[in-house]
Amino acid sequence: SFTIPLRAADNVTVTIKLRPGVSLGCQISVKNTFSSSLRIRPGEIVTFTFTCSTPEKYFIMEIQKNIDCVSGPCPFGDVHLYPPGLPRLNRTFIWDVKASTKAGLELKFATPWLRQIQPGESCPDLVNYNINSCIDTATVNIGTFCRNGSVSRVKLLGGVVMSLHLPWNSALTTSGFSIANRSSIKRLCIIESILNRESSITLMSPNYPLGFPEDELMTWQFVVPSNLRASVFFHNYSLSNCERKEERVEYYLPGSVSNPEVFKLSDSQPANIAGSFNLSLQGCDQDAQNPGILRLLFQVVVQHPQIDENVTHLVDLSKERNMTVTIHFEGWPSRVPLMSEPMCLICKDPRTCDRVLTLVSGAIYKISFLCKDLSHLRITAEKGISCVDLRWCQKKIHALSVPKAITQLPVLLHKFVWKLIAPEVINVEITSPSLKLQQHLPDQRCNTSYSYSIVSATPEVDLNVGIFCPGGAIEKIQLRNNITISLKTFGKGFFNDSNHQDLKMSFVPHIKDECTFTVSPDPKAKIYLQSPNLPYGLPPYVSISWYVIVPSKQVARLGFSKDRMGIACETGRAYVNIKEQTPGAEEIVRREDELLPEPRNMHHNFWVNISNCKPVDNMQLTVQFWVTLAEKQIDLAVILAVLAGAGVLAAIGLTVCCVKKKKKKSQNPMVGVYNANVNTQMPGKQSLFKKDRKNNDSHVYAVIDDAMVYGHLLKESNGSVNPEVDVYRPFDGPMGSLPPSPPPFSFRKDIKRSPSTEEPLPLAETDQDSYTFAHQKSGELEDNGDNANEKNNGDTSTSFLEDKEQEGLEE
């Protein structure tokens, strides 16, 4: 059993009641009377028992003491936990102190003082204090506090309701605070916080997160040793709708010649304060119809002075345009640092410091750092370059390099972004003349201190061109639409590499494809190139081209990493076009339902073009190919054929000389024998000429042109066979400036030409007549005695030409 005696002079009431939400599983017995609650008033002595062995699971207890400091003297001094001998229940002690507004009350807390917490937050030991101010009939919640903090005193205007909550198993025997009387403070409250070592505290305005009382004033007093530095940061605040006055904060700072210093809640608050200071929050007269909410949550950080706090770094952005530089903590803006984390501050003057500092172009800054470890800081910069009229901006070349004002700071550059803005008819050209660019792919990963991410923004979709780093084979990239280039660094090596940047850009006229690459392969390396927009694949109806430069004394080997494109088209067709930059070169075209070309040799500069359709079932078009270079090697068979041809030419020359000598003697020209078995025209082909060449003298030559006869032997063949393509249009654009054109989607294989439609065939296909010696009338050769030998020579020459011509046709 428990006995609780209450003296009438103590004005204490004890109430035991069921915990909210708990079913009746235990009762209170008083003189064999059972009930679920018990109330003991001043002057009563009550003995009671519980009907269960664990009453703390069912009951809670409130002990309220009323103190009148208006009509009688206040019981100044320590506040005791009364009465003793209470049952072990969760209990709340409440002290309701009535006081005049002309004589404020002060609550003084014993060490280890108090720490303010947000509503809904709990204390580690479940012991918490709650302070409410009572002015007339209005009650304002000053805040909820845990033990072990910095709040040492709270002064209040008028009365106060102080609550102490203790769990049932707490061994606390003292209240931990005392009451003292002071003169009127003429404001809602004053909260004193002692910060005598490096620390970080969080405080809130009264009634947080509800509104601060209308037109009220309160003050926080911070006691800071002169050898420490304090900084204030506002983390969460909102403003009410004012009819009169203005909401603001005021500071009394040590050494300031303009106290109080007034700031808006949206301003950067003072930092690096040496010594104690005051911070006051002033409300306003609110709109009665729409008052709004004034609230404030802020942090005060106290640190030792940094060794290099007086070291200033000059950041000269006076000659820059459209550029912002932000110095911030690691992970910004996605990550919000914990308030307990070490603070790194960036200051643009001794009192203006913050975790994030933004500098703008056109100005010069002297910044300093209050940070023990600068490795937690990063720099992010952004620069805009725009073009409105191509006549003015086409000639200018912009260097996309990080200014030295940034690279010389003792902070790691995280990202530098260039936003290139141009109208639809103006495009962007990116070049890297000396370093060139390497595309970052699984087969060739970048291993540099920085890389570039290039994104082309269209009205419908963003095209991720890819990630590139210096030291590759890409000399130039031409892009349509607005472009965003992001330089991202890896490690500290960029500090040295930044001196060798050579990325440049310029605005150029409209280009045909969405993106065009100019590639100059390294003879000693195998380069891989891949269609943009990884990992999502090329967007529908987008065309990409690569122009690959092949040195004159080398041959390029082109191959594809996969044998098919790997998509099926819902609308249109997808194509891969390959075209060498040489007259008469074949254009190799493959559809999405065909095998991609086998590895092949390219002897001249060539184009690779990829055009997408609209794939079915969200399929993605991704094409990767590789290029290697090797020295040109002449085929031994070709050398032998050339030597043999030279011998034949020598024999023919000798024969011609003999014929000329005979002409002088017989006055009849000696000619070679015409071989009627040679087919001088391709079957089924229509000539460009109205008369057949065998019916006129256009094919008669006094001397045989060796290039005409043996040229086909010198032509290197790739051994490829033109695929059957249902839509094919030969490349007819200017060489070296435009990629091969993808065939139109409307042309189909089943559309036949009408017989009346005649188009002249290319000369290379129609002009296949053999070039032979002129022949004379029958019987003229039999008058000479040497005719038999000359006939044999003529037959031999003609037979050799016939065999070579036939080999050329078969090849």
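## A pair of strands to start with

In which sense do strand β20 and β24 pair, and over how many bridges? The pairing is antiparallel and runs over 2 bridges. Strand β20 spans residues 229-240.

The structure shown here is a predicted model. Confidence therefore matters when reading it, because low-pLDDT coordinates should not be read in detail.

## The sheet around β20

β20 and β24 belong to an open sheet of 4 strands. The order is β18-β27-β20-β24, and the pairing is antiparallel. Two strands form the edges: β18, residues 199-204, and β24, residues 273-274. Each of these edge strands pairs on one side only.

What holds such strands together? Strands of a sheet pair through backbone hydrogen bonds, either parallel or antiparallel.

## The whole chain

The protein chain has 811 residues. Its secondary structure includes 7 helices and 54 strands. Of the residues, 45% count as buried.

The chain exposes about 42600 Å². Carbon and sulfur atoms supply 51% of that area. How much of the contact count links residues 24 or more positions apart? Among contacts with a separation of 6 or more, the share is 80%.

The average pLDDT of the protein chain is 81. A score of at least 70 is reached by 77% of the residues. One is residues 661-736, and another is residues 745-811.

Both stretches still have contacts in the model beyond near neighbours in sequence. Residues 661-736 have 132 of them. Residues 745-811 have 83. Where pLDDT is low, the predicted coordinates should not be read in detail.

## Enclosed spaces

Rolling a probe the size of a water molecule over the atoms shows where empty space is left. How many cavities of 30 Å³ or more are there? The count comes to 3. The second largest cavity has a volume of about 70 Å³.

Which strands each supply at least two residues of its lining? They are β11, residues 114-117, and β13, residues 138-147. β13 gives the most, with 4 residues. The lining of the second largest cavity includes Gln116, Ile117, Asn141, Ile142, Gly143 and Thr144. Also among the lining residues are Gln118, Pro119, Met204, Ser205, Asn207 and Tyr208.

How values were computed:
Residues numbered from 1 in each chain as written. Predicted model: local features only at pLDDT ≥ 70, side-chain atom pairs only at ≥ 80, totals over all residues. Heavy atoms only, no water. Buried < 20%, exposed > 50% of the residue type's maximum accessible area, 1.4 Å probe, protein only. Contact = heavy atoms within 4.5 Å. Areas by Shrake-Rupley, 256 points an atom, 1.4 Å probe, with all protein chains shown as cover. Pairing = 2+ DSSP bridges. pLDDT = per-residue confidence, 0-100. 1 Å grid on protein atoms, 1.4 Å probe; cavity = no way out; pocket = protein on both sides within 12 Å on 5 of 7 lines; lining within 4 Å. Points joined across faces, edges and corners; volume = space filled by probe spheres on them.
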